[in-house]
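Here is a short note to read beside the structure. Please keep the 3D view open as you go through the points.

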2 protein chains.
Amino acid sequence: MPVKTIKPTADAYQYPLLIKQLLLSSQRYGGDNEIVGGNNGKRYSYAEFYQRVQRLANVLTEAGVKEGDTVAVLDWDTPRYLECFFAIPMIGAVLHTVNVRLAPEQIVYTMNHAEDDIVLVHDDFVPLLAQVKDQLTTVKGYIQVTDQEQAVEAPFEVLGEYEQLLAGALAEFDFPDFDENAVATTFYTTGTTGNPKGVFFTHRQLVLHTMTLAATTSMNDSMQMLQASSVYMPITPMFHVHAWGVPYVATMMGLKQVYPGRYDPATLVKLYLTEKVTFSHCVPTILQMIVSNEGAQNIDFSGWNVLIGGSALTEGLASAALDRGIQVYTGYGMSETCPLLSTSWLPINANDLSHDEQVALRTKAGKPVPFVDMQIIDANGRFLPHNGEDMGEVVVRTPWLTQGYLKEPEKGAELWENGWLHTGDVGSIDADYTLQIRDRIKDVIKTGGEWVSSLDIENLISQHPDIELTAVVGLPDDEWGERPHAMISVRPGKDINRDVIASHLQPFIDAGQIEKWAIPDTVTVVEDIPRTSVGKIDKKVIRQMLQS
Amino acid sequence: MPVKTIKPTADAYQYPLLIKQLLLSSQRYGGDNEIVGGNNGKRYSYAEFYQRVQRLANVLTEAGVKEGDTVAVLDWDTPRYLECFFAIPMIGAVLHTVNVRLAPEQIVYTMNHAEDDIVLVHDDFVPLLAQVKDQLTTVKGYIQVTDQEQAVEAPFEVLGEYEQLLAGALAEFDFPDFDENAVATTFYTTGTTGNPKGVFFTHRQLVLHTMTLAATTSMNDSMQMLQASSVYMPITPMFHVHAWGVPYVATMMGLKQVYPGRYDPATLVKLYLTEKVTFSHCVPTILQMIVSNEGAQNIDFSGWNVLIGGSALTEGLASAALDRGIQVYTGYGMSETCPLLSTSWLPINANDLSHDEQVALRTKAGKPVPFVDMQIIDANGRFLPHNGEDMGEVVVRTPWLTQGYLKEPEKGAELWENGWLHTGDVGSIDADYTLQIRDRIKDVIKTGGEWVSSLDIENLISQHPDIELTAVVGLPDDEWGERPHAMISVRPGKDINRDVIASHLQPFIDAGQIEKWAIPDTVTVVEDIPRTSVGKIDKKVIRQMLQS
């Protein structure tokens, strides 16, 4: 260890919250744990990892990166990407995690909008960048990343290959202190219309999110998410909301980590087995792929804890996963919220609960995590009671929310109306503070002063055996404000009309599960229900079709 | 729930870290857990607790307490005191936790120095205050606290009795947002000389300490400190460094909590049994009292996890506690550091370790917790290597250190020399980052450019069967700077001189356990080794005696 001497600091007791501090405990707790590259078999100790972070900091500094510059990454989920999670913000630059699944013109838009200075690009994305390179207006240099012996030949100038550059750099870097409110990361969220919007998070926000997530995932002995003996493997892309922030938590705790590269079910199952993975998080689709993967039907998944987010975990999938031994939990949040807002919360006596009770608890959005202030509000901004019935827009305050959208203050003002971040989700909150997401606010049907969840109606209609898929939307109505209308697709050879739907819903109305004004005014049968480019039901198009 | 409407907030995304936020999750996670008064049998749900905090806030506000005022508490460890931990800082006032064990004149000094405005006083301390009341220069009012049906008659005017005042107050209070750097708590630390010194902590500091302590105590499945199913009972006075901050953690996590009132071993053991306590923290003396308590020799203590701090946990006591089933761990910190800096850290395979290995790991000061930057420095302020041998003063940086001493900037400047808080402890750090405290810096012997731990020499001398107690101090020496000198008391009928000591130490020198210059120059035999008023060996007096 080199001899360093204590340096005087003004206002010494001041201690800005910076991402570099997460590495203090990582080395102390890391012990023999490794950070594993599932795609190329590389394995690093925490000591090596820290050296590589320092080498990368030197590489970037030598490439001209200064405080406030932006460094973009186009890579798969690897230990390299984790090094970028640290080294880039730790030198005071902004990490732009580029969504490589966007269309090329959207990738160009986000890279120009974020004003990327230096770009790290994996072999697989070199052809894409070659194609759009001339449209990139701010990029000053490229660093290539490869999983092969030799990187692919890039048809544009590069500063070098990542491993070679690291090998030639000093393994020591004196990371500076700076304002904890400096921006550390940015990435883009896509709506159904318009350009992607950039959200951004500061060092302080990411540190507080990490601390709280660490406590939340550790402190419930009825749920086994993260503990010192855990082995962590993300299955949510690192470009997507920092893989929900868990890589920061796992690193702070010094856990064994496994980065799978690209996601194919066979590889994920193999890594689960060989690396003894105990904790992952993913969207429902990936969980479905794992549970139904043909080669994995005889594999014992007990000991695998999986946090589900991104879209709702259905009771059917939760039940199937539990049957296979996978302990599933729901997490709720969004790109604008860093993301974590709430998780399923099992009580102390969870072992005594029935399978159905387990499923019900694990599929709710759960309890807000510490430091999250959450309310549901009506159309006039009034707080609604927590009785499990009243539905309102979910609004939150917590220390880790995006300040707005990058360079688009008017959209940020909408997000932040009246001092709370508006999630755009409609939910109810139980007396025990458990959140249930009921709808998107743009899809909820406002009829006769009441809010009716389009999802609730769809769920009930879907239980009719002749129906394949249902979409319910609200359309303007002179008397009631809005009224529900249904678009359905039916199974081959079946016929459905509004009377059939009304009769089908009547028992649910009699049972008090739904109000009678929830019966759709019209039922339109179609071949295919319109979907967006990512496969979600496109209610905007459906509304247009039903109104025309 | 009353209808409240969202209010606009400037810079909405700003979210100051305030103690009130710890109560957000307490109610959500609290469920059926109770906060129990072990001394009077009262039991509160978390919902009731929050109502009582709000009632107390109204009582204090009506008593004239404003932002920045100081409210002092003289009470035993009770749910009431926990209410004060929250309500007082949450209205923007400063909580002064008065050390009721100080001499009356020192209590007066601290209350005047802290400029206490309102005082909450338990029956048991009414006679004390009656005696010194005329010397209190800033107090504007007293609130009485009792565990009886009827409070004792106070010979001075009081605003009322706590429970009666709470009963008459509204159970609703709109706690304001304010600067997270507002001071929340203050208390006094006593040295061997001079007046007590006031340390103080801000909302931000206490929140960050709480978050980190929550993660630290939860995330190691080889150690069972705090989990959702834990039952917490402090055995460190709440006036002493916020009972190490654990009441804030337990409340944030919504745990069952048991406050024992006064500490007598029989009551503590009874509460352990009846309330099924799983986690406590205390000084070694209390643990010794529990382990050796006559009435408890047949009680199974397995399932009780006890964190030890305040002074060193000896291997003998750790071994005895483990033999009784108590899982002991060491915590290191001080009043100036909020207090937590490090804890014992068991590896993943802890179950495979032998009893002796367990004892060794559990008695070290352990690994610094997340966000603590810790170094050992030599006399020139240079960082020393982490090799388990080099000894230096322990210096720290972390977000929860006192800024200085209340109204004594010159003493704070000494504490904060060169941007690090100087603990005054001498330690070594192992290659795996484990800290061992070796001495106090004022007691370490600087001889011939080397530091020799007086404690190390004492430990070796103490192994001689004829010796009762040993104190080793450094005295000035023209040639070597300082040289060690020993003062000993011997067992009845035994005789010891310098040659005996030198021969006794020789095998340890041969084994490389100690250097030859550690042999004391002189050995002085006395009847009784001088001690301070709290029973610690008084090296200041010993130095004077040996030099005269």
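1. Between which strand and which helix of chain B does Thr402(B) lie? Thr402(B) sits in the loop between strand S18 (392-397) and helix H13 (409-415) of chain B. Helices (H or I, at least four residues) and strands (E, at least two) are DSSP runs, numbered from the N terminus.

2. A word on the source. This is a predicted model: local features need pLDDT of at least 70, side-chain atom pairs count only at pLDDT 80 or more, and totals for chains, interfaces and linings use all residues. Residues are numbered from 1 along each chain as its sequence is written, chains are lettered from A and ligands numbered from 1 in the order in which they are written, and side-chain values use heavy atoms, with hydrogens and water left out.

3. Thr402(B) is buried, with a relative accessible area of 0%. Buried means under 20% relative accessible area, exposed over 50%, partly exposed in between (1.4 Å probe, protein chains only). Leaving aside neighbours within four places in sequence, its contacts (heavy atoms within 4.5 Å) include Tyr13(A), Phe200(B), Glu336(B) and Trp416(B). The side chain of Thr402(B) also reaches the backbone oxygen of Gly404(B) at 2.8 Å.

4. Asp117(B) is another loop residue, between helix H4 (104-113) and strand S5 (118-122) of chain B. Asp117(B) is buried too, at 10% relative accessible area. Its side chain makes a polar contact of 2.3 Å with that of Lys140(B). A polar contact is a pair of N or O atoms within 3.5 Å; within protein, one must be able to donate a hydrogen and the other to accept it, and residues adjacent in sequence count only if both atoms are side-chain atoms.

5. How are the two chains related? A rotation of 180° with 0.0 Å of shift along its axis superposes chain B on chain A, with an RMSD of 0.1 Å. The copies are thus related as by a two-fold rotation axis. In chain B, the C-alpha nearest the axis belongs to Ala215(B), 2.1 Å away. The superposition is by least squares on the C-alpha atoms of residues with pLDDT of at least 70 in both.

6. Now helix H7 (residues 203-218) of chain A. This helix has 16 residues. Of these, 16 of the 16 are buried, so H7(A) is largely enclosed by the rest of the structure.

7. Chain A is divided into domain 1 (25-282) and domain 2 (445-548); the bounds come from an automatic or database domain assignment. Their C-alpha centres lie 42 Å apart.

Methods:
Expected span 1.5 Å × (residues − 1).
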